[in-house]
Amino acid sequence: MRIVNWRPSNLRAATGHGNAAVVDPRSIFLTLAMLSLLTGGVLGLMHRSLLPDVQRAAVLWRQGTLMVAMSGAMFAFQDLLPRWLGVIVANGLLLFGLTTYLHALRSFFALPSPRLAYLLAAVVIALLGWFVLVVDLYAVRVGLSSVLIGGLLLVSALTVHQNRRSDLETSARIMAGILFFSALVMAARMLSAPFLNGPNVLVPNVMNILAGLVGAIFPVVGTTAFLMMCSDRARLRLLKASVTDELTDLPNRRALAEFAATQRRQLGAGRSVALLLFDLDRFKLINDTYGHEAGDRALIHVAGILKRLAPNDALAGRFGGEEFLCVLPVTSIDTAMALAEAIRAELARSPMQLGQERMTITASFGVSLMESNADALDRALAKADRAMYRAKASGRNRVELFDQVGQASANLK
Ligand SMILES: Nc1nc2c(ncn2[C@@H]2O[C@H](COP(=O)(O)OP(=O)(O)OP(=O)(O)O)[C@@H](O)[C@H]2O)c(=O)[nH]1
């Protein structure tokens, strides 16, 4: 049995080159293999704490990492392995590993699997086989594999860049950055292919060392960035859930209260924030007659109208039960009343389909203003509430404004 020792002096003998490097490619490829296995293992340990919708992507990422690790181990001993194993299988594992990384990222963003990339990888592996077994051309092999590796890395970088939302900014930016940088290194390797001498990747030239280093760093930084993307998604989903009403997907009471408080703090003298509070009319009757599910659909119907009519600078949400609130920043009474009237009228003329029946849902509105002086949100809400109950008492399906005297001073129907 041959004992492998990868000190630079032995490496010189193995590769037939005299220019020993301080960092030799064999050590780098072995490091790549070990780091890939380690980071893949860490990802495996974290699996159960990931969100269900990223678990498939995480499994794919681990599979990619395992393939890259195996290819690293084979490259490390390329000079000792038969050429079909050390070149064709090793490159095949690397190319399929990187394609699986792309697959993982696409799965993360709920995109279909990259079938074309898998096909391309298979074609390139077949070509590599040709240039090993039939025509032995080292430079062509390096060029071919570098083109596909660089292409896969670039497409992966673009996938992350194009699909990242503002909520995934930091982790996705790190991921896109490392992918793009690795693609650049591969582009340099492809361009230098005609000047590279074989017989294998263990020759300690700058390009082999650089490509090996990037290969060793990528599993660590890439897997860390992938884990960060997973944790960002979980964090932001929790954040969204804490301020969103699950049924209607509108902002919930907490979001509305925070928005109103922020708007009030920013008010200048003589400016005001309007609160439009409305409650659906005889909603209990809908639940009792058609069932709770029909009631839920009615709430979603109302939410749709509210989303459509609320101005961009306002925040409209579900305040609780069958009550909705629209916070209208820096506005006049006239604007607030006009908006409330527009929502009321749109609800009244937009019946919803319930089985064979069409049902009209109306609402009663109370409008109040929060002034810049320390008029607490609770007080303004209580005023809107009183105006709203005045609208209910006056026959429903109407808008009432709360004035300073505490009466519903104006009403619209
Ligand atoms: N389906 C459904 N019903 C809800 C939900 N939240 C609150 N409700 C129902 O809304 C109804 C509110 O009824 P009430 O407060 O008596 O008022 P109303 O029938 O709308 O009558 P007025 O307000 O006087 O016009 C109750 O039956 C609640 O069960 C919900 O999320 N889904």
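I began with the cysteines: Cys230 counts as buried because its relative accessibility is 2%. The model I am reading is predicted. I looked up Cys326 next. Its relative accessibility is 0%, so Cys326 counts as buried too. How many disulfides does the structure hold? I found 0. A disulfide would be a covalent bond between the sulfur atoms of two cysteines.

Asn287 uses its side chain, with a polar atom 2.8 Å from a ligand nitrogen. Lys392 also uses a polar side-chain atom, which lies 2.9 Å from an oxygen atom of the ligand. I checked how much of the ligand is covered. Alone, the ligand exposes 670 Å², and the protein buries 68% of that.

**Leu306, in helix α11**

I stayed with α11 and looked up Leu306, which has its place in that helix. Is Leu306 buried or exposed? It is buried, because its relative accessible area is 1% and the cut-off for buried is under 20%. I took one distance from here. Leu306 and Ala257 are 49 residues apart in sequence, and their C-alpha atoms are 18 Å apart in space.

From Ala342 to Leu256 I noted 86 residues in sequence and 21 Å in space, C-alpha to C-alpha.

**Nonpolar patch**

Which residues make the nonpolar patch? They are Trp84, Trp130, Leu133, Val134, Val135, Leu137 and Val140. The patch covers about 670 Å². I picked out Trp130, which lies in α5. Trp130 counts as partly exposed because its relative accessibility is 47%, and exposed would need over 50%.

**Positive phi**

My last search was for backbone angles. Most residues other than glycine have a negative phi. I wrote down two residues that go against this.

Asp249 has a positive phi of about 65°, although it is not a glycine. Where does Asp249 lie? I placed it in the loop between α8 (206-243) and α9 (253-265). At 42% relative accessibility, I list Asp249 as partly exposed.

Arg396 is not a glycine either, and its phi is positive at about 70°. Arg396 lies in the loop between α13 (377-393) and β7 (399-402). Its relative accessibility is 24%, so I list Arg396 as partly exposed. The cut-off matters for this entry: buried would mean under 20%.

Terms used
Residues are numbered from 1 along each chain as its sequence is written. This is a predicted model: local features need pLDDT of at least 70, side-chain atom pairs count only at pLDDT 80 or more; totals for chains, interfaces and linings use all residues. Side-chain values use heavy atoms; hydrogens and water are left out. A disulfide is a pair of cysteine sulfur atoms within 2.5 Å. Buried means under 20% relative accessible area, exposed over 50%, partly exposed in between (1.4 Å probe, protein chains only). Patches are made of residues with over 30% relative accessible area and no salt bridge: like charges are joined within 9 Å, nonpolar side chains (Val, Leu, Ile, Met, Phe, Trp, Tyr) within 5 Å. Accessible areas come from the Shrake-Rupley method with a 1.4 Å probe; for residues, only the protein chains shown count as cover. A salt bridge is a side-chain nitrogen of Lys or Arg within 4 Å of a carboxyl oxygen of Asp or Glu. Helices (H or I, at least four residues) and strands (E, at least two) are DSSP runs, numbered from the N terminus. A polar contact is a pair of N or O atoms within 3.5 Å; within protein, one must be able to donate a hydrogen and the other to accept it, and residues adjacent in sequence count only if both atoms are side-chain atoms.
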